[in-house]
Amino acid sequence: MLETKELMVRDLKKWFRSPAWLFASLVQPVLWLVLFGNAFNPASMIPSLPGSNAIKTQILQSTFGGAPNYITFLTAGMLCFLVVTWAMWAGGPLVTDRSLGYLNKLLVAPISRTAITFSLLLSSILKGVVLSVMLLVVALILPGGLVFASGFGVADLLGIFAALILLSVGFLWLFMMVSVRAKKFETLAAIGSTLGLPLLFASSALLPTASMPAWLSAIAGINPISKAADVIRYLIVQGRVTGGILSTVTFDLVYLLAFAVVCTLLGVYASNRGLRME
Amino acid sequence: MNTIIEAKGLTKVYPPSTKAVNQVSFSVGEGEIFGFLGPNGAGKTTTIKMLTTLASITDGECNVGGYDVRTQQDGVRRSIGLVPQDAAVDGDLTGMENLVLSARLYKVPDGEIKRKADELIGLVGLEGAAARLTRTYSGGMRKRLELIAGLIHEPRVLFLDEPTLGLDIQTRMAMWDYIRGINRDRNVTIFMTTHYLEEADSLCGMVAIIDHGQIKALDSPKALKSSLGRDVLEVELPDGSDVSAKLSSMEMVREVSRKGNTYSLKIEDGGRSLQEISVGLWKLGLEVKDVRLTRSSLDQVFLNVTGRSIRDEVVDNGDYMVARARAERVRS
C-alpha cells in the first residue's frame, strides 16, 4: 500500500516537471471545448428564418435532451473524452521505465507487482479529476457556455465524478494491458491514436445518437463513453433526476460499474502476467 | 568464509531453444568481490537476472543470502541491491528524491532515511548535486548515484551489471575506488559483470570467465594468469640461420615461434627466468639485438580458454552502439 503511494507520487512529480505534458493537459481540453463547441455548433447550422427563433430553440432543445446550448451538451462528452485520453497514456511511464531499464529496479524491490500498475492508475485518476474540474470551470466561463439546471447540487456533482471515475478505471485497465507488454512507446501511441477518435465518434459524446444511422447508433449504445456522457448530461441538464430518468441514470451507472469491474479483473490478471519473470 | 551465493547447474533457456546460460556452477564467499568476465551475449546479464529474481530459472539450484531463489523470492529481494546496466535512477527526480524513493520501496524506517542518504551522498561526493534533477548529471555522477541507490537499504549482496560501461578511464578508476571502499568498509559482498579485463583484474578476488553461457575458467585473477597465461619473451637476433631448435632446448622455455629474426619464447615466470635465459643465449653464442618481456594477462587467459580475444568481441557485439546510446541518454 505504502509503495503504491510512493510510486504514485513519483508519477505525479514527473507529470508536474514535464512542461510539455502539463501544457498539453491544461490546454487540450480547453481547445477542444472552444473550437469544437463553436465549429460544430448545430444551432448555427439551422438557417434563421423570420419568426422561426422559437421553433429553432425548440428543435435544438429536443435534439439535445433539453440542453440550453451546444456547449452544455458537449461538456459531458468532453469530460468523458478527457478521462479516456488520460487512461490511454497512463501506462506510458511503464513503457518508458521498461525501455530505460528502471523497471528492473522496481521489479527487484520487495514490493508487490500490482503496486507498479495501481500507482499509475491512481495518479491517472487524480490527474483526470483535476483536469475535469478545470474543464467544468472553463465551460462555465465561456460565453454561451455551460448552464447547470436550476436544481443542480452536490449529489449531482458526485454523480458526475462517479461516472467519470468508473469510465476511466475501465479504460485504464484496458490500456494497461497493452502497456505492460509494449516494448516501445510507439506501440502505445499507435494504438491510442487509432482508437481515440473512433471511440469518441462512435458514442453520444459529441452528438445525440438519435441522429446517427442505425448501425452506428447500435455501437454507440454499448460504448461505455456514451453511458458516462448520458449520465453526466442528465445530471447537468435536469438537475435532480426523478422517475424514468433516474432509472436510466441508475442503469447506466451500473453498466459503467460492470465495465470497470470486468476490465479491472482482466487488467490485473494480464498486467501481473506481463510483469512476471522473464 | 561463509558462502553467500551458491549456484549449481544454473541454466536458462529462452523459448524456443536459446540456451543463454548453460549449467553454470559457482559459489561466492561473504565479503568477496566476484566477477563474471565475458563478452556481450555471453550470459552475464542473464545470470544476474536469475540471481536477482528478474528471470525464472529453467534448471539448476540457486541460493542467495540464505534464501532459495526459486521459492523465497521476497527474502532474496530484501537481501540484495541491484545496479542494472541501464538507468537505475529516474532522470525526472533529484538525486535525493531518487534515494528516498529507493529507501521507501525497501521500507527503510522514515527516521533513518535522511541520515543514510546524506551519508551515502557524502561517500561518493555528490553533496553539491543532491538537489538537482539527475537528468542534468554527467555519466559518472549518474553511475555514482545508481551505485548508492542500490545500497540505501544496506543489502548483504550488491549486484553490479557492467558498472563502468561507457565511462572514460578516469571516471572508471574512480568508480573502482568506490566499489572497493563499499566492499571493504561496509562488508557488502559484490557480484559484478564486466567485459573489461583490467576491471576484473583490478577489482575482483575471484573471476569466472564466461562464454557462450558456460564458465570456462574460475579462480583468482592471479591464479588464472599463472596457470593459463604465459609470459612471453621476444628476442630479436641479427640476420642468420634459424636457431629455434637451440632456443627450445633451454630449460625455462616452453615453446618457440619465429617471425623473421624475432623469436617469441613462451616462458615460466618471466621475471625470474629472464636472467637465466640471458645467460643461456650468451652461452649459445647468440648476439641479442633487442629483448622485450610481456607479462601474462587476463587477456591471454581469455584467449586461452575461449580461443579468441575479448577485444575482438567487444566491437562485434555492438557494444559501441550501446555505450553511445547510453551517453546520448545521459546528455538528453
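Analyst: Quick ground rule first: two strands pair if DSSP finds at least two bridges between them. Strands (E, at least two residues) and helices (H or I, at least four) are DSSP runs, numbered from the N terminus. This is a predicted model, where local features need pLDDT of at least 70 and side-chain atom pairs count only at pLDDT 80 or more, while totals for chains, interfaces and linings use all residues. Residues are numbered from 1 along each chain as its sequence is written, chains are lettered from A and ligands numbered from 1 in the order in which they are written, and side-chain values use heavy atoms, leaving out hydrogens and water.

User: Okay, how do S1(B) and S2(B) pair?

Analyst: They run antiparallel, over eight bridges. The two strands make a hairpin with three residues between them. In that pairing, Val13(B) sits opposite Lys19(B) of S2(B).

User: And what sheet is S1 of chain B part of?

Analyst: An open, four-stranded one with antiparallel pairing, in the order S2-S1-S4-S5 (chain B). S2 (18-29) and S5 (67-68) of chain B are at the edges with a single partner strand each, so one side of each has no neighbour in the sheet.

User: How many bridges join S1 to S4 in chain B?

Analyst: Five, between S1 (residues 3-14) and S4 (residues 59-64) of chain B, again antiparallel. Glu6(B) has Asn63(B) as its bridge partner in S4(B), and Thr11(B) stands opposite Asp59(B) of that strand.

User: Which helix packs on that sheet?

Analyst: H1 of chain B (residues 44-51), which touches S1, S2 and S4 of chain B and makes about 115 degrees with the direction of S1(B). Contact here means heavy atoms within 4.5 Å. For the angles, axes are lines fitted to C-alpha atoms (for helices, over the stretch in contact), and the range is 0 to 180 degrees between N-to-C directions.

User: What about the sheet with six strands, what's its order?

Analyst: S6-S7-S8-S3-S9-S10 (chain B), an open sheet with mixed pairing. S6 (80-83) and S10 (214-219) of chain B stand at its edges, each with a single partner, so each has one side without a neighbour in the sheet. From one strand to the next the twist averages 15 degrees.

User: Parallel or antiparallel for S3 and S8 of chain B?

Analyst: Parallel, with five bridges between S3 (residues 33-37) and S8 (residues 189-194) of chain B. Phe34(B) has Phe191(B) as its bridge partner in S8(B). Elsewhere on the sheet, H8 of chain B (residues 221-228) lies across S9 (206-211) and S10 of chain B, at about 100 degrees to S10(B).

User: Switching topic. Why is H3 of chain B largely enclosed?

Analyst: Nine of the 11 residues of that helix (residues 95-105) are buried, so the rest of the structure largely encloses it. Buried means under 20% relative accessible area, exposed over 50%, and partly exposed in between (1.4 Å probe, protein chains only). Among the buried ones are Met96(B), Leu99(B) and Leu101(B).

User: What do the buried residues of H3(B) pack against?

Analyst: H1 (2-16) and H6 (102-107) of chain A, plus H4 (110-123) and H5 (139-149) of chain B. Just after H3(B), Lys107(B) has a positive phi of about 55 degrees.

User: How many cavities of 30 Å³ or more are there?

Analyst: Six. The grid is 1 Å over the protein atoms alone: a cavity is a set of points where a 1.4 Å probe fits but cannot get out, and lining residues have an atom within 4 Å of a point. Points are joined across faces, edges and corners, and the volume is the space filled by probe spheres set on them. The largest cavity comes to about 100 Å³.

User: Which helix gives the most to the lining of the largest cavity?

Analyst: H1(A), with four residues. H1, H5 and H7 (113-141) of chain A each supply at least two. The lining includes Arg10(A) and Asp97(A).

User: Is Asp97(A) buried or exposed?

Analyst: Buried, at 7% relative accessibility. Asp97(A) is in H5 of chain A (residues 92-100). A polar contact of 2.9 Å joins its side chain to that of Arg10(A). Such a contact is a pair of N or O atoms within 3.5 Å; within protein, one must be able to donate a hydrogen and the other to accept it, and residues adjacent in sequence count only if both atoms are side-chain atoms.

User: Last one: what does Ser168(A) touch?

Analyst: Val83(A), Ala87(A) and Ile125(A), not counting residues up to four places away in sequence. Ser168(A) counts as buried at 4% relative accessibility, and its C-alpha is 7.0 Å from that of Ile125(A), 43 residues apart along the chain.

Technical notes:
On a 1 Å grid over the protein atoms alone, a cavity is a set of points where a 1.4 Å probe fits but cannot get out, and a pocket is an open set with protein on both sides within 12 Å along at least five of seven lines; lining residues have an atom within 4 Å of a point.
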